[in-house]
Amino acid sequence: MKTTMKLTLLSAVFAASALLAAPAAMAQDKIHITNLSYRTGPFAATGTPVMNGQRDYMLMLNARDGGVNGVEIVYDECETGYNTEKGAECYEQTKGQSIVTQPWSTGITLQVLPRTNVDKIPILAPGYGFSPMTDGAIFQWAFNPPASYWDGASMILQQISGANLDSLKGKKIVLLHLDAPYGKEPIPLFEAYAKKHGFTFMSIPVGVSEMQNQSAQWLQIRRENPDFVLMWGWGAMNAGALTEAVKTRFPMEKFVGIWWSGSDADLKTVGEAGKGYRSISWNVPNSASSVMQDVKKHVIDAGKSLLPPAEFDYVFYQRGVVISLFAIEGVKAAQAHFNTQVVNAEQLRWGLENLNLDAAKLEELGFTGMVGPFSTSCSNHTGHAGGWMLEWDGAKFVPVSDLLVADQDMIQPLIEVEAKKYAESNAPWPVNEDCKS
Amino acid sequence: MLYRVAGQFKTSYQADYALFPVRQDAWLLAFILLLAFVVFPMTANEFAFRALLIPVLIYSLAALGLNILTGYAGQLSLGTGAFMGVGAYACYKLVSIFPEMNIIVALALSGFFSATVGMAFGLPSLRIKGFYLAIATLAAQFFLVWLFQKWAWLYNYNASGAIQVPNISMFGIAIAGPQASAITQYYFVLGIVCAVTFLAINITRGRIGRIWKAVRDMDIAAELVGINLMKAKLLAFFVSSYIVGIAGALFVFLWRGAAEAELFDIQLSFRVLFIAIIGGLGSIMGNFLGAILIVALPVLLGIVPRMLGLPITSATVEHLNIMIIGALIIMFLILEPHGLARYWQIIREKLIIWPFPH
Amino acid sequence: MEFVHPILIQPFADMMSAPDFLIQVLWEGTVSGVLYSLIALGFVLIFKSSRILNFAQGIMVVFAALTLVGLYERGVPAWLALPLTLVVMLILAIAIERVVLRPLVNQPDIILFMATIGITMFLIGLGETIFGGENKRMITQELGIPTGNFVFEPFGGFVSIEQKDLTAVIGAIVLVVLLLVFLNKSKMGRAIRALGDDHQAALSVGISLSTIWVLVWFIAGIIALATGIVWGARAGVSFALEVIALKALPVLMLGGLESVSGAIIGGLMIGILEKLFEIYWGQPLLGGNTEAWFAYMLALLVLLFRPQGLFGEKIIERV
């Protein structure tokens with residue numbers, strides 16, 4: 001009958017939703033790891049290389065070792081375009097199957113954070129997300145190894161002050177940041193530092209729609225004439241800021257970015273003119289390391305990678321490889337502890353809480369010098385591995401410092417305050433009382 | 001056959017203007033409500049609730065609000081996203097200032113805030129028309145989103161500048177916040193959407209609705225026959241923004257759980273406008289059909305390749321998805337500029353005279 | 001009267017105390033104004049000839065620039081990539097006329113407007129599928145655009161003018177002059193204007209609607225390419241450009257939807273005023289980022305007093 005036409009239209013939704021239940025019930029002899037990626041949209045420029053790295057490490061393990069301890073890893077992506085709405089949809093879509101969620105944006109992280117307590121799935125947000133997530137007693141399901149934004153802020157201040165923060169007294173420091181939760185993240189810590197060490201701190205936001213046209217922000221920087229400009233930028237904002245800095249004749253030696261503002265691709269747009277620009281980073285590319293050589297042999301040369309060949313040495317690509325290392329080591333730890341092959345989300349949570357990547361371990365896995373050694377615990381979900389200052393020499397990033405370690409004396413009290421505030425405003429919020437450190 | 005109107009005699013004007021002039025319409029509605037209230041909740045899983053059913057309902061409500069303004073009163077607006085934001089932030093402030101307030105009361109009150117703001121930005125409509133007015137509403141869109149970012153009081157001075165929905169319960173059942181289960185949220189949203197839709201149907205088919213239609217079709221002519229244009233237009237802005245505001249509050253409280261100012265950007269406005277236009281301007285049912293197409297279809301399209309196991313990356317799927325939606329919009333506009341609701345009308349008319357087409 | 005000082009006196013004192021800085025601000029405003037004007041020009045051309053508010057102009061800018069860079073990346077030399085891109089824009093114009101516009105003739109304005117949003121989404125998807133979503137470097141040197149800086153040092157400070165910005169301004173002026181000559185002197189140009197004045201009358205004297213539409217969309221494509229090159233040279237080519245294109249809308253409101261000169265003056269006005277407001281009022285008093293809404297608010301205020309825009313023709317209403 002014709003009436004059914006309309007009903008079909010309406011029930012299409014319902015029929016499809018019924019079908020959705022099917023994949024979740026699939027045979028569980030593989031480990032599913034889904035990444036909420038963004039290879040489209042205004043932030044794709046910085047997202048894509050990292051996601052390539054994450055993907056290639058997993059593919060390499062499958063090709064070289066047949067997975068993790070014999071269990072194949074199914075790496076999948078769900079495209080968010082850095083859009084929080086798509087992100088929430090992807091989270092809902094993948095949480096049944098994937099044993100970890102990697103939201104890849106501070107905005108999406110904030111949105112799924114409260115839900116993970118209920119859904120019992122760990123968030124792995126390496127080097128991003130909400131800095132107070134360090135407090136594992138409150139944020140039981142969230143992990144941001146190996147360093148939080150507050151760690152990054154602290155390391156940058158150490159480096160630009162020559163390890164003596166009192167030398168910043170009377171100086172003016174500007175934070176040029178993306179006007180989104182990510183960019184606002186370090187502000188409380190900088191304000192605390194400014195109060196303690198007597199420098200002037202000022203934040204200049206860049207709206208998403210102004211990322212490529214920052215002339216107003218840079219005119220303001222020119223007028224304020226700060227001693228340092230620190231950048232919390234992402235996507236198209238980085239290249240925009242660098243070109244404006246060159247134009248405003250702002251000295252590159254005084255311009256320092258967080259790890260997400262240190263993409264080779266962004267610096268290539270200014271080339272020689274960006275010489276002297278520095279970026280703090282918790283990883284250092286090392287193309288000669290055995291793991292990168294294995295990735296090259298098993299994935300890139302085998303034609304399975306999505307990576308343009310020229311980007312192999314990029315900081316962001318190799319950072320992606322390191323990020324996948326964290327996830328896999330979490331899986332391994334859980335496999336050993338629970339004496340099982342196919343770990344589930346709850347077991348992985350334990351694994352991520354008991355990561356132990358000391359120097360010997362990194363050496364053994366072939367990650368020599370690519371990331372600082374760290375370990376996580378119940379009360380410390382970050383690990384605080386520290387990082388290096390990288391400097392753009394006109395063609396590539398080179399490390400110009402030894403391993404820097406963040407000053408936890410300043411950060412820890414702030415973490416406690418903010419984590420508590422979060423738990424209170426989301427009451428009733430479950431707190432793991434066993435691991436008060 | 002199924003839609004035979006024979007034997008249903010109208011003996012008064014009241015009967016002719018009744019809500020269901022044809023008995024079968026009522027049956028159909030009952031069937032849809034049965035689906036919505038009984039069948040879907042019994043079959044849907046959590047993903048279906050959170051990614052399909054709840055957003056479709058909320059977007060329908062927002063489109064309904066816009067449709068009252070654009071489809072009934074003829075005032076084009078591109079500021080819907082920002083008005084949704086006003087509703088959401090108002091609800092957030094109400095809930096954080098008066099934690100004991102019942103969530104339904106908070107929702108109803110937050111609508112008044114967006115209605116007031118909407119009316120203020122509707123004032124230029126007395127002088128500006130057509131596209132000029134549409135672009136003028138963009139001022140509301142951009143200014144309000146900027147305000148959401150800068151006015152720290154709105155998000156309780158949260159360091160990340162985002163608002164997060166606290167746990168809210170009603171009669172001991174968690175309604176909003178992370179503890180709430182998808183099915184309660186679905187029923188809550190469904191209840192509100194049904195209530196507002198019922199009100200909207202009756203407003204639009206009554207005296208006020210007719211005044212709006214007269215203004216839409218030709219405002220000068222309407223003025224000449226004694227309609228107070230200022231009252232009519234501002235009332236349309238008020239009612240429309242009220243509904244849009246409630247939709248915005250539901251959007252954050254019952255679905256997203258957290259929001260930043262950028263959520264309410266121009267893309268959201270366009271999305272809601274698409275739903276209203278594809279569904280059919282000047283139609284209540286169209287909003288629901290449009291929302292199914294614009295909100296649910298991309299979700300389903302994104303899943304199909306994954307289920308078939310096609311070796312395409314999710315980025316490519318997303319690109320193709322945008323292309324398909326764009327092509328579909330053009331296709332629907334070409335095939336039926338009056339929207340999906342018009343299709344239903346055509347089918348219904350054919351059914352009534354079936355099997356004798358003349 | 002405490003609050004008067006920072007609003008009415010301090011900004012002007014600031015301007016006077018650092019005139020080199022003021023010149024820089026004005027220059028930056030002019031450059032963005034030129035870019036707004038160019039995009040608005042694309043809108044006006046299409047609106048004049050077909051009464052369509054072409055929302056897709058922004059994405060056409062991105063698409064044209066992406067095609068140019070994409071061709072270059074695939075090994076096509078820059079001198080060849082430029083005409084090839086024009087061919088692509090011509091094909092696009094023909095396709096839009098055939099597939100979208102022709103079936104929608106005589107539909108209400110809003111339907112056509114929505115159709116152009118559909119085109120926008122289609123082109124976003126198409127562009128990302130073909131060229132990928134990442135930020136690309138505009139092939140500035142390869143096209144022979146100088147990239148250095150002119151630095152002047154008046155009043156003891158400095159004013160830095162990028163050569164590519166200067167090229168952009170000069171290029172835009174040339175383009176506008178050519179366009180005006182074309183519209184006013186050539187046969188085709190007159191046909192476009194005739195169509196803008198009265199569809200029926202134009203058709204009855206034998207002007208072909210579809211040819212003109214293809215032509216107009218193609219010209220809009222050329223303008224889009226020029227805009228894409230200029231803007232891409234400033235900050236790379238990516239889909240984020242599409243957002244900036246919305247700024248052309250308040251320019252249109254100010255200038256009037258049908259006036260070529262209105263688009264240019266409106267664009268410059270908005271570019272300069274929003275920059276001045278942001279630097280001297282927005283940043284010190286309102287926390288910055290006022291450029292996001294200033295143009296719209298200004299246009300709204302103007303419209304309240306002149307509903308047809310500054311340069312639009314007076315609207316006469318009949319029942």
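Predicted model: local features only at pLDDT ≥ 70, side-chain atom pairs only at ≥ 80, totals over all residues.
Local features require pLDDT of at least 70 and side-chain atom pairs count only at pLDDT 80 or more, while totals for chains, interfaces and linings use all residues. Residues are numbered from 1 along each chain as its sequence is written, and chains are lettered from A and ligands numbered from 1 in the order in which they are written.

Chain A contains 15 helices and 14 strands. Both are DSSP runs numbered from the N terminus: helices are H or I with at least four residues, strands are E with at least two. The radius of gyration of chain A is 22 Å, close to the 22 Å that the globule rule gives for 437 residues, so chain A is as compact as a globular protein of that length. The radius is taken over C-alpha atoms, and the rule is 2.2 Å times the number of residues to the power 0.38. The C-alpha trace spans about 75 × 60 × 50 Å along the principal axes of chain A. Of the 437 residues, 61% are buried. A buried residue has 20 or more other C-beta atoms within 10 Å of its own, an exposed one 12 or fewer, and a partly exposed one falls in between; C-beta atoms are placed from the backbone. Among contacts in chain A between residues at least 6 apart in sequence, 70% join residues at least 24 apart. A contact requires C-beta atoms, placed from the backbone, within 7 Å.

Strand E13 of chain A (residues 388-392) is mostly covered, with five of its five residues buried. A:Trp388, A:Leu390 and A:Trp392 lie on one side. A:Met389 and A:Glu391 lie on the other. E13(A) pairs with strand E10 (residues 278-281) of chain A in the antiparallel sense, over four bridges. Pairing requires at least two DSSP bridges between two strands. A:Glu391 is the bridge partner of A:Arg278. E13(A) also runs antiparallel to strand E14 (residues 397-399) of chain A, joined by three bridges. Here A:Leu390 is bridged to A:Pro399. E13(A) and E14(A) form a hairpin with four residues between them. In the turn, A:Gly394 has a positive phi of about 105 degrees.

Chain C has 13 helices and two strands. A compact globule of 319 residues would have a radius of gyration near 20 Å; the 21 Å of chain C agrees. Its C-alpha atoms fill a box of roughly 65 × 60 × 35 Å along the principal axes. Buried residues make up 52% of chain C. Among contacts in chain C between residues at least 6 apart in sequence, 73% join residues at least 24 apart.

The largest nonpolar core holds 369 residues. Such a core is a set of buried Ala, Val, Leu, Ile, Met, Phe, Trp, Tyr and Cys residues joined through C-beta atoms within 7 Å. B:Ile58, B:Leu61, B:Ile243, B:Leu250 and C:Leu252 touch the most other members. Helix H3 (residues 46-72) of chain B gives the largest share of this core, 19 residues. Leaving out residues up to four places away in sequence, C:Leu252 touches B:Ile135, C:Ala40, C:Phe43, C:Val44, C:Leu257 and C:Ala263.

The contact between chains B and C takes 35 residues from chain B and 39 residues from chain C. On the chain B side, helices H6 (130-150), H9 (219-224), H11 (266-279) and H13 (314-335) each supply at least two residues. H13(B) gives the largest share, twelve residues. The chain B side divides into 29 nonpolar, four polar and two charged residues. Ala, Val, Leu, Ile, Met, Phe, Trp, Tyr, Cys and Pro count as nonpolar, Asp, Glu, Lys and Arg as charged, and the others, Gly among them, as polar.

Note on methods
Contact = placed C-beta atoms within 7 Å.
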